[in-house]
Amino acid sequence: MSLQHNITEKLSKFAPEYLTVENESHMHSGPANRETHFRVVMVSDSFEGLNRVKRHQNIYALFEKEFSDGLHALSLHLYAPAEWQGEAPESPSCAGKH
Amino acid sequence: MSDTLENIKQQIAENDILLYMKGNPNQPMCGFSARAVQALMSCGERFAYVDILEHQDIRAELPKFANWPTFPQLWVKGELVGGCDIITDMFEKGELQPLVSEATKA
């Protein structure tokens, strides 16, 4: 199972109103077809009442194994339904090899 | 407690505005660190930084302590503010500047 699929599946358990998981690994150095950098946009009731850090920590906690296995970046744009305005910021382009 | 963890706690306690990043503010080595440092510099306050590429022990230990797997990480007044996504979001909403300027007072 691809990492992209795995991330999507784990996040789907939150029953998000909106979810995109994009593989942005091609924007960074490394071999072809790798799965190291992802960008997630997610709208879910579960973020209601949580501050930004806590929302991120809740999601990161699901992927401890993936991070130790080589997942490098998981850019998270997390919204409660009332905050969602239909778009999230783009990721920066790469500035190095790290 | 390991020396590294001791070191991290001391850095966080002693620096009101502290950015853990890849590279340094003049030469960030990662797009996420570059964007974070740019937002922070726009706020016009002095801040401390640690280049985690030069300190692999901190790079390994801080994620566990912070409950945060990636870099950059911005710490203000001993609390984790967030990584690139949060720093950028706060900057764009005008929330970052008051936070850091408040942190430099007293």
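The model is predicted; local features need pLDDT of at least 70, side-chain atom pairs count only at pLDDT 80 or more, and totals for chains, interfaces and linings use all residues. Residues are numbered from 1 along each chain as its sequence is written, chains are lettered from A in the order in which they are written, and side-chain values use heavy atoms, without hydrogens and water.

Chain B holds an open sheet of 4 strands in the order β4-β1-β5-β6, with mixed pairing. Strands are DSSP runs of E of at least two residues, helices runs of H or I of at least four, both numbered from the N terminus. Pairing requires at least two DSSP bridges between two strands. Strands β4 (48-51) and β6 (79-82) of chain B are at the edges with a single partner strand each, so one side of each lacks a neighbour in the sheet. Strands β1 (residues 17-21) and β5 (residues 73-76) of chain B run antiparallel, joined by 4 bridges. Tyr20(B) has Gln73(B) as its bridge partner in β5(B).

In the interface, 23 residues of chain A contact 24 residues of chain B, contact meaning heavy atoms within 4.5 Å. The rule finds 2 salt bridges across the interface of chain A and chain B. A salt bridge places a side-chain nitrogen of Lys or Arg within 4 Å of a carboxyl oxygen of Asp or Glu. Asp89(B) forms a salt bridge with Arg52(A); their closest N and O atoms are 3.1 Å apart. On chain A, α2 (52-60) and β3 (73-79) each supply at least two residues of the side that touches chain B.
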